[in-house]
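Welcome! Please have a look at the model below, and then we can walk through a few of its local features together.

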Amino acid sequence: MQFCRVRSVAEAVDELSRWGTEGHILAGGTDVMPQYLRGERAPAVLIDIGGIDGLQGISDVGGVTSIGALVTMRRLASASLIELRNPALAQAAGAVGAWQTQTVATVGGNVCTAAASADTLPALLVANAQLTLVSKSGRRRMELGEFLDGAGATALRPTELLRAIELEPIGDRAAEGYIKVGRRSAMELAVVGLALRLQVAPSGVVSDARIAVCGVTRPPHRVPSAETALLGTQIDGGRIDCAEAGAELASAAAPERSEAARYRRRVLPGLLGRLANRCVADISGADG
């Protein structure tokens with residue numbers, strides 16, 4: 001296997017165009033290298049993009065949060081802009097493995113590996129993430145939900161590079177968060193992870209709800225039936241009743257009959273209730 005280090009996006013797409021399906025991008029390496037050592041990937045060349053400065057920024061672009069593909073989990077977890085505008089992503093990034101992994105693992109790698117247990121993907125989904133993909137032929141934009149094409153599969157073409165991710169920040173009277181259950185601790189892969197973005201009208205009624213899950217047999221995804229069940233719910237005494245939405249979430253997110261699915265169906269309603277009431281408390285605190 002050959003190794004190629006590039007210093008610009010132009011060089012990266014040149015190499016991708018040259019090698020096609022025989023090339024593979026190397027960013028943090030926390031997913032690619034274990035896959036290579038297990039024999040799951042055997043590229044002719046690894047194209048190291050870790051030195052491209054233009055892929056490492058976090059910024060506000062016209063009211064949208066823009067994140068370069070090489071931004072690490074550790075930086076996402078601690079960046080003030082992310083904590084303020086997309087807190088679910090900060091929480092999810094902080095739940096990715098140990099700090100050693102967070103120091104090198106990148107958000108672009110998490111997106112392009114598209115593992116069913118990828119913590120950041122639910123948080124990106126509830127923020128309506130838009131991806132910018134570049135190649136020698138130009139660029140294209142794609143919603144993350146369309147990009148994810150199955151567990152471990154994406155719509156990324158062999159000659160394309162993920163350049164940036166754009167997110168909608170939370171609005172007024174809105175809050176969001178991420179919570180997961182692992183086998184032993186937060187350093188474990190998610191058995192199930194849940195991201196929620198909640199917006200409450202001045203009348204105390206839920207006006208927008210976005211729910212996404214990871215750790216199930218499908219790739220991370222939104223759950224529209226559970227979102228619909230939350231819409232119109234009245235906040236009562238600073239609490240929210242998530243029983244109907246929790247039931248919808250459990251049946252839609254884990255419909256299969258395995259023991260793992262039965263476990264997820266048991267825990268998902270409780271996770272949703274805990275996270276929803278945390279969001280309500282955050283909104284009430286901001287109002288106060």
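Contact here means heavy atoms within 4.5 Å. With that in mind, note that this is a predicted model.

## Asn277 in helix H12

Let us begin with Asn277, which sits in helix H12 (residues 259-287). Setting aside neighbours within four places in sequence, Asn277 is in contact with Gly238, Arg239 and Ile240. Its side chain also has a polar atom 2.9 Å from the backbone oxygen of Gly273.

Is Asn277 buried or exposed? Its relative accessibility is 10%, and buried means under 20%, so Asn277 counts as buried.

## The buried side of helix H1

Helix H1 spans residues 9-19, and its buried residues are Val9, Ala12, Val13, Glu15, Leu16 and Trp19. Because these residues cover an arc of only 160° around the axis, they lie on the same side of H1. As background, an α-helix has 3.6 residues a turn, so residues three or four places apart point the same way.

Just after H1 comes Gly20, with a positive phi of about 60°.

Two loop residues deserve a look here. Asn128 is not a glycine, yet it has a positive phi of about 50°. Asn128 lies in the loop between helix H8 (120-126) and S6, and is partly exposed at 27% relative accessibility.

Arg173, also not a glycine, has a positive phi of about 50°. The loop that holds Arg173 runs between S8 and strand S9 (174-182). With a relative accessible area of 27%, Arg173 is partly exposed.

How values were computed:
Residues numbered from 1 in each chain as written. Predicted model: local features only at pLDDT ≥ 70, side-chain atom pairs only at ≥ 80, totals over all residues. Heavy atoms only, no water. Buried < 20%, exposed > 50% of the residue type's maximum accessible area, 1.4 Å probe, protein only. Helix = DSSP H or I, 4+ residues; strand = E, 2+ residues; numbered from the N terminus. Arc of directions from axis to C-beta. Polar contact = N/O pair within 3.5 Å; in protein donor to acceptor, adjacent residues only side chain to side chain.
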